Structure formats: C-alpha cells, structure tokens
Amino acid sequence: MKAIVSLAAALVLAVGAAAPGAARQPVSDTYPVEALAGVMGELHFIAFKCEGRDAQAWRETMLELLEHEAPARGTFRDRLIETFNDGFRAQQRRDTRCGAEAEIEVRRLAARGRSLSEQLRRIYLE
C-alpha cells in the first residue's frame with residue numbers, strides 16, 4: 001500500500017511544483033485541485049486507520065498543496081481544507097477494512113489522483 005500512496009503523493013507534488021500558485025483561480029465549477037484535496041483526505045483516513053496515528057503523510061502532502069495553491073488565508077484555502085476533511089469523513093463512513101479491501105480502495109483513489117493531476121497538468125502546462 002505504501003508504494004501506491006507514494007506514487008499518488010509524487011503526482012500531487014509534481015503538479016504543485018510544476019505550477020506553484022498558478023491554480024489559485026478556479027477554471028470551472030469542477031475544480032481539479034479541490035477534488036484532489038478530497039482524494040487526499042480519503043487516503044489520509046485509510047492510512048490513519050490502517051497504519052496508525054503516526055501515518056501523517058497525506059496530511060503533510062495536503063499542507064504542501066495548500067502552500068502552493070492557497071498560501072494565504074482566504075475562501076479558497078478554506079474550501080480546500082473543508083474538501084480534505086469531507087474526504088476523510090466520507091472514507092470514515094465507508095469504513096473500509098484494512099488489508100485487501102483497503103488496498104483496492106487505495107488503488108482506486110490513486111487512479112483518481114493521477115487523473116486529476118493529469119487534468120491540472122493539461123490546464124496549466126499546455
């Protein structure tokens with residue numbers, strides 16, 4: 001599971017590093033950075049539940065995303081934080097079991113994260 005989490009984290013960071021601050025203004029009603037924050041919240045819950053309280057990689061990745069996308073306090077930063085928390089709570093309600101079930105869910109979320117990262121890359125780098 002850690003390899004998949006690392007892959008998704010690398011994609012998130014690559015998008016942030018490639019376009020620091022560029023994504024501050026929403027380009028449509030469905031904004032990929034917000035959806036990515038939700039995916040990270042879901043991944044954080046799975047890691048927290050299955051690896052223990054010390055599993056903070058997704059929370060730390062979210063803090064890095066905030067540094068790049070919404071460094072100043074404001075509405076957009078608040079939306080990103082709320083979306084991360086919504087993702088955490090959604091996965092908590094889903095109550096995915098650790099083991100094979102969590103592996104499958106992490107793979108699904110990693111694929112979603114890659115798709116969102118690719119959308120952001122196309123928006124800001126093409």
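C50 and C98 form a disulfide in this predicted model, with their sulfur atoms 2.1 Å apart. The torsion about the S-S bond of C50 and C98 is about -100°, so the disulfide is left-handed. C50 lies in helix α2, whereas C98 sits in the loop between α4 and α5; the pair therefore ties together parts that are 48 residues apart in sequence. C50 counts as partly exposed because its relative accessibility is 25%. C98 is also partly exposed, with a relative accessible area of 40%.

The loop that carries C98 also holds D95, between α4 and α5. D95 is not a glycine, yet its phi is positive, about 55°. Most residues other than glycine have a negative phi. D95 has a relative accessibility of 46%, so it counts as partly exposed.

The largest nonpolar core has 23 residues. Those with the most contacts inside this core are V33, M40, L43, M62, F76 and L80. Four helices each supply at least two of its residues: α2 (32-51), α3 (57-69), α4 (75-94) and α5 (100-125). The largest share, eight residues, comes from α2.

M62 is placed in helix α3. Its relative accessibility is 4%, so M62 counts as buried. Residues up to four places away in sequence aside, M62 touches A37, M40, L80, I81 and F84. Two of these partners, M40 and L80, are listed with M62 among the core residues that have the most contacts inside it. M62 and L80 are 18 residues apart in sequence, and their C-alpha atoms are 8.9 Å apart in space.

The structure holds three aromatic pairs. One of them joins Y31 and F76, which are 5.5 Å apart centre to centre. The angle between their planes is 55°, and the pair is tilted. Y31 lies in the loop between α1 and α2 and F76 in helix α4, so that the pair links distant parts of the chain, 45 residues apart. Y31 is buried, with a relative accessible area of 3%. F76 is buried as well, at 12%.

A second pair is formed by F45 and F88. Here the arrangement is edge-to-face, with 5.1 Å centre to centre and 85° between the planes. F45 lies in helix α2 and F88 in helix α4, so this pair ties together parts that are 43 residues apart in sequence. F45 counts as buried because its relative accessibility is 7%. Together with F48, the residues F45 and F88 form one aromatic cluster.

The protein averages a pLDDT of 82, and 76% of the residues score at least 70. Among the elements of the protein, α4 has the highest mean pLDDT, 96. Helix α1 (residues 2-18) has the lowest, 47. Over residues 3-8 the pLDDT stays under 50, and the model has nine contacts for this stretch beyond four places in sequence. Residues 13-29 also have a pLDDT below 50. This second stretch has 29 contacts in the model beyond near neighbours in sequence.

Key: Residues numbered from 1 in each chain as written. Predicted model: local features only at pLDDT ≥ 70, side-chain atom pairs only at ≥ 80, totals over all residues. Heavy atoms only, no water. Core = buried A, V, L, I, M, F, W, Y, C linked by side-chain atoms within 4.5 Å. Buried < 20%, exposed > 50% of the residue type's maximum accessible area, 1.4 Å probe, protein only. pLDDT = per-residue confidence, 0-100. Contact = heavy atoms within 4.5 Å. Disulfide = S-S within 2.5 Å. Phe/Tyr/Trp six-rings, centres within 6.5 Å; stacked < 30°, edge-to-face > 60°.
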